[in-house]
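Visitor: I have a new model open and would like to talk it through with someone. Could we begin with how its strands pair and work outward from there?

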Amino acid sequence: MRRPQNPGPRAVTAALAAAVTLGTALPASAAGPAATGPVGAAAARHAAQVDELPFTVDSSNQAGWWKPIDVVGGVTYVAFNAPGPTAATHEVHVAARGADGVWTDGCLRAADGSCATFVDDNGHNQPSIVVDGAGNVHAFVSMHHEQWNYFRTTTPGDVTSLVDVSAQLPDQDLAITYPVTARGADGDVYVMARAGADQRQARTGNLYRFDTAAGTWSRVAVVADAVGHSFYPDDLKVGTDGRVHVLWEWGPWPADPSRHLGSYAVYDPADGSFRDVAGAALATPITPATPGAVVYQPYVDGEDIGSYWPALQTAKLSVHGDDLDGIAYRFRTEGVTAFDGYDVRFARWDGAAWQRETVLDLAELGPGVETSAAIETTSAGATTRIYAVVETTSCVTGQQSAVVRAERVRGEGTWRFGTVGEPRTGAQRLSAVTASTGTDQLYVTVPSAGQLFHATLPRTGGTPAGTTAAQVVADLRGEATGVNVARGAAVTVSSTLRADTGGELAVDGSCTDASRWISALDDAAPVLTADWGTATAVDTVRVRSGYSKATGTADVLRDFSVELRTAAGWVRVGQVTGNTQGTVTLTFPAATADQVRLLVTDPSASATDVARVYEVEVLAVDE
């Protein structure tokens, strides 16, 4: 059971006179305006400039391992899936913004000159691009275990001149997935991808290089290979010394959403060697059993290559000068679906061992908070940044997602948090690069809304203002005051209508019709008790009830009282009769309690006379 951290207890106020404030009914799907409130103010403080591109993205424009943005010579290039000519198809476009701020875009061209069209495969076929030292744009697109789809400009910098040159790549007989790209210090191009060797029950990690002067490709290494395993590319970065930093994770063959053994190595093009983070030579292909300091996130108790959880998913690395700064990644110790329960972690090498820390801890942030498969980390000057997408569900703002920035000065222990841009309805995906000035440029997409944003966040003028992760989440939820200590609490109820209407749904932070405690038909006096386990000073209880599809107020709780368990026993803090409102707020002098009890004496005025409770919220005193 996940529970939020509670503030320290305060003295119990002797008098517990209850003041009742009736709020208006809140529709289950209500969401506050995206451009207002504390999160919007925080974004302004963080000095990020966010602009929406004048292009529509396809709903398939989503993934967490791609490289859709590059910055060269003051020009920003972005790649995206655009809606195709028919349903469930897309085109791939590359756009460029010059120094004048004007965007130009072009589609990838098929042999007949038309825009190439691909079949949607959400989360698998996001494009990756890179610009070589001669100014030509390379695009690797729409491949999910299939032969190369590779396009390159015929005129340097001209995004309208991208043509299919797939036949120039090696390994034409292999099935390719998840290409990630990087530009070498000499202007050559690297691409790393998963390659199918299914006849051996393996999918390997291959590294390729484009010689810009000669205009030719070669495979420089099979980075990693193991029977019964699949290689998942995460990231490539090149240091100022030309060495290529390589990041990947392992999954079971042939594929799985839960991955393991986050791994890192360094390729030196000067002699073709691979080394681990400690500088020890590595024989290739690397395997999960390769000795040395390759694995930055080893197996934990209960984990193996086939584990659903614990598991790893999505990672990025930052390089400072010639050296690894750190690795940001998502890891979960438990989960329900394939994609929930992932914290954000950061791993760094201290010269002797990998050190791991949790940067966004879902257990501390409470139920209804998730991170999505989109993460990035950058390093420049004195600061390290991690970008992640945090998704929240609340009864005030509905379902929201936001790009969250965690930043700290290198060598310090405290992360400062803020948001980039405004919260959005629907999932967001991101990527980021750092320009030579230290300014981060972000690519942020909202696929369900067909939106693509470009953000810049400089490192000049000092470290941007920041707050805590808990406050960022509270802002997203619209919680202006107090921590809801009842969220995620242990719940007991007198009855339930069905197995899917249990009492735990009244403390999960969601106000949807599918997330309500509903009492049994024969329960004339329903009771709900929530225990958050730690005596905490509280001064507000909110009860949200009803049914969003109802036309009147018959489905809200009609008569009820609320009690708190204090050191002196159960104390009533509010009583309501004849209620017709969906949200009832009870405020009272601060009391220290560890449980709340909702006692219903008249469940509703509807023909089906049951208690329908979205949420019971208990707010800690806002110190």
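**Strand pairing and beyond**

Guide: In this predicted model, S23 and strand S24, the latter covering residues 323-332, pair in the antiparallel sense over eight bridges.

Visitor: Which residue is the bridge partner of leucine 312 in S24?

Guide: The partner of leucine 312 is phenylalanine 331, and in the same way histidine 320 has aspartate 323 as its bridge partner in S24.

Visitor: What happens to glycine 321 in the hairpin of those strands?

Guide: The hairpin of S23 and S24 has two residues between the strands, and glycine 321 takes a positive phi near 70° there.

Visitor: And what sheet does this belong to, in what order?

Guide: It is an open sheet of four strands, in the order S23-S24-S25-S26, with antiparallel pairing. The edges are taken by strand S23 (311-320) and strand S26 (354-360), each with a single partner strand, so one side of each is left without a neighbour in the sheet. From one strand to the next, the twist averages 25°.

Visitor: How many bridges join S24 to S25?

Guide: Five bridges join S24 to strand S25 (residues 343-349), and these two strands run antiparallel; across that pairing, alanine 328 stands opposite phenylalanine 346 in S25.

Visitor: How many residues of S24 are buried?

Guide: Nine of the 10 residues of S24 are buried, so this strand is largely enclosed by the rest of the structure.

Visitor: Okay, another sheet. What's the order for the one with S8 in it?

Guide: That open sheet has four strands in the order S8-S9-S11-S12, and its pairing is antiparallel. Its edge strands are S8 (128-131) and S12 (162-164), each of which pairs on one side only, and the twist averages 25° from one strand to the next. Within the sheet, three bridges join S9 (residues 137-140) to S11 (residues 150-153) in an antiparallel arrangement, with alanine 139 standing opposite phenylalanine 151 in S11.

Visitor: What does leucine 564 touch?

Guide: Leaving aside residues up to four places away in sequence, leucine 564 touches a list of residues that includes Trp532, Val538, Trp570, Val573, Phe588 and Val596.

Visitor: Which residue other than glycine has a positive phi near 65°?

Guide: That is alanine 88, which sits in the loop between strand S4 (75-83) and strand S5 (89-97) and is exposed, with a relative accessible area of 51%. Histidine 145 also has a positive phi, near 60°, but it lies in strand S10 (residues 144-146) and is partly exposed, with a relative accessible area of 27%.

Visitor: Last topic, the overall picture. How many helices and strands are there?

Guide: The secondary structure comes to three helices and 40 strands. The C-alpha trace spans about 85 × 55 × 55 Å along its principal axes.

Visitor: What's the radius of gyration?

Guide: The protein has 27 Å, which agrees with the value near 25 Å that a compact globule of 623 residues would have. Of those 623 residues, 58% count as buried, and the accessible surface comes to about 22,800 Å², of which 51% belongs to carbon and sulfur atoms.

Visitor: And how many of the contacts join residues at least 24 apart?

Guide: Among contacts between residues at least 6 apart in sequence, 63% join residues at least 24 apart.

Definitions and conventions. Residues numbered from 1 in each chain as written. Predicted model: local features only at pLDDT ≥ 70, side-chain atom pairs only at ≥ 80, totals over all residues. Heavy atoms only, no water. Contact = heavy atoms within 4.5 Å. Pairing = 2+ DSSP bridges. Axes fitted to C-alpha atoms, helices over the stretch in contact; angles between N-to-C directions. Rg over C-alpha atoms; globule rule 2.2 N^0.38 Å. Buried < 20%, exposed > 50% of the residue type's maximum accessible area, 1.4 Å probe, protein only. Areas by Shrake-Rupley, 256 points an atom, 1.4 Å probe, with all protein chains shown as cover.
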